[in-house]
Amino acid sequence: MFPGTEAAEKTIAATTQQGSIPQTFPLQQYRVSYNPMIGKKRVNEVWSSDTLFSSTTSFEGFNMFQGYIGKSSHRAVAFGMITESEGAETIPEFCRKIGIPKAITTDNSKMETSKLWMSYLRKFWIDNGHSEPHKNWQLSFERTWGHVKR
């Protein structure tokens with residue numbers, strides 16, 4: 001009624017696979033950060049930002065740009081834009097290329113106080129500063145950009 005031991009051994013040899021036990025005990029727990037910019041480079045400097053407009057259009061179609069200037073290093077970075085509402089989208093690009101700044105100081109323009117601008121500052125943990133209205137000399141971007149233009 002039952003097959004012999006030889007048949008059982010052949011069946012087990014043909015159908016059973018060899019297993020292996022992983023050698024990485026105990027298993028390591030990996031944590032993924034909820035904010036992808038936490039591990040990125042941070043710049044210990046306050047940057048000043050403003051939107052500048054041009055009368056001529058570039059080859060890419062840009063007729064304005066969002067500029068950033070470091071207050072202590074006087075390093076200037078500019079990102080071209082077609083519309084002023086694209087200014088908030090330059091913050092992630094700035095953080096990728098330069099690093100996440102300690103703070104960004106701006107004048108109180110509508111774009112630089114918009115919900116999208118503020119959401120990027122909160123997401124990347126960047127402090128926000130404003131100059132007083134109609135006092136351009138307080139924003140270091142205005143002073144430094146005058147030297148860069150020359």
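Is His-74 buried, partly exposed or exposed? His-74 is partly exposed, because its relative accessible area is 49%. Here, buried means under 20% relative accessible area, exposed means over 50%, and partly exposed is in between, with a 1.4 Å probe and protein chains only.

Some ground rules. This is a predicted model, where local features need pLDDT of at least 70, side-chain atom pairs count only at pLDDT 80 or more, and totals for chains, interfaces and linings use all residues. Residues are numbered from 1 along each chain as its sequence is written, and side-chain values use heavy atoms, with hydrogens and water left out.

Now the layout. The protein has four helices and five strands. Helices (H or I, at least four residues) and strands (E, at least two) are DSSP runs, numbered from the N terminus. Along the sequence, the order is α-β-β-β-α-β-α-β-α. Of the 150 residues, 33% are buried.

Contact means heavy atoms within 4.5 Å. Take the contacts with a separation of 6 or more: 56% of them come from residues 24 or more positions apart.

Next, the strands. Two strands pair if DSSP finds at least two bridges between them. Strand E1 (42-53) pairs with E4 in the parallel sense, over five bridges. In that pairing, Val-43 stands opposite Pro-101 in E4. E1 is also joined to strand E2 (residues 64-70), by seven bridges, and these two run antiparallel. There, Trp-47 stands opposite Gly-70 in E2.

Stay with E2 for Gly-67, which sits in this strand. Gly-67 counts as buried because its relative accessibility is 1%. Look across to Thr-51: Gly-67 and Thr-51 are 16 residues apart in sequence, and 6.2 Å apart in space, C-alpha to C-alpha.

On to the inside. Nonpolar side chains tend to be buried together in soluble globular proteins. A nonpolar core is a set of buried Ala, Val, Leu, Ile, Met, Phe, Trp, Tyr and Cys residues joined through side-chain atoms within 4.5 Å. The largest one here has 18 residues. Which residues have the most contacts inside it? They are Trp-47, Tyr-68, Ile-91, Trp-117, Phe-124 and Ile-126. At least two residues of this core come from each of E1, strand E3 (76-81), helix H2 (90-97), strand E4 (100-106) and H3.

Look at H2 again. Its buried residues are Thr-90, Ile-91, Pro-92, Phe-94 and Cys-95. They pack against E1, E2, E3, E4 and H3. After H2 comes Gly-99, with a positive phi near 135°.

Two other residues have a positive phi without being glycine. His-74, from our opening, has a phi of about 55°. It lies in the loop between E2 and E3. Trp-125 has a phi of about 60°. Trp-125 lies in the loop between helix H3 (115-123) and strand E5 (127-130). Trp-125 is partly exposed, because its relative accessible area is 47%.

Last stop, the surface. Accessible areas come from the Shrake-Rupley method with a 1.4 Å probe; for residues, only the protein chains shown count as cover. The protein exposes about 11000 Å², and carbon and sulfur atoms supply 56% of it. Tyr-34, Ile-38 and Trp-125 form a nonpolar surface patch, with about 400 Å² of accessible area together. Patches are made of residues with over 30% relative accessible area and no salt bridge; like charges are joined within 9 Å, and nonpolar side chains (Val, Leu, Ile, Met, Phe, Trp, Tyr) within 5 Å. A salt bridge is a side-chain nitrogen of Lys or Arg within 4 Å of a carboxyl oxygen of Asp or Glu.
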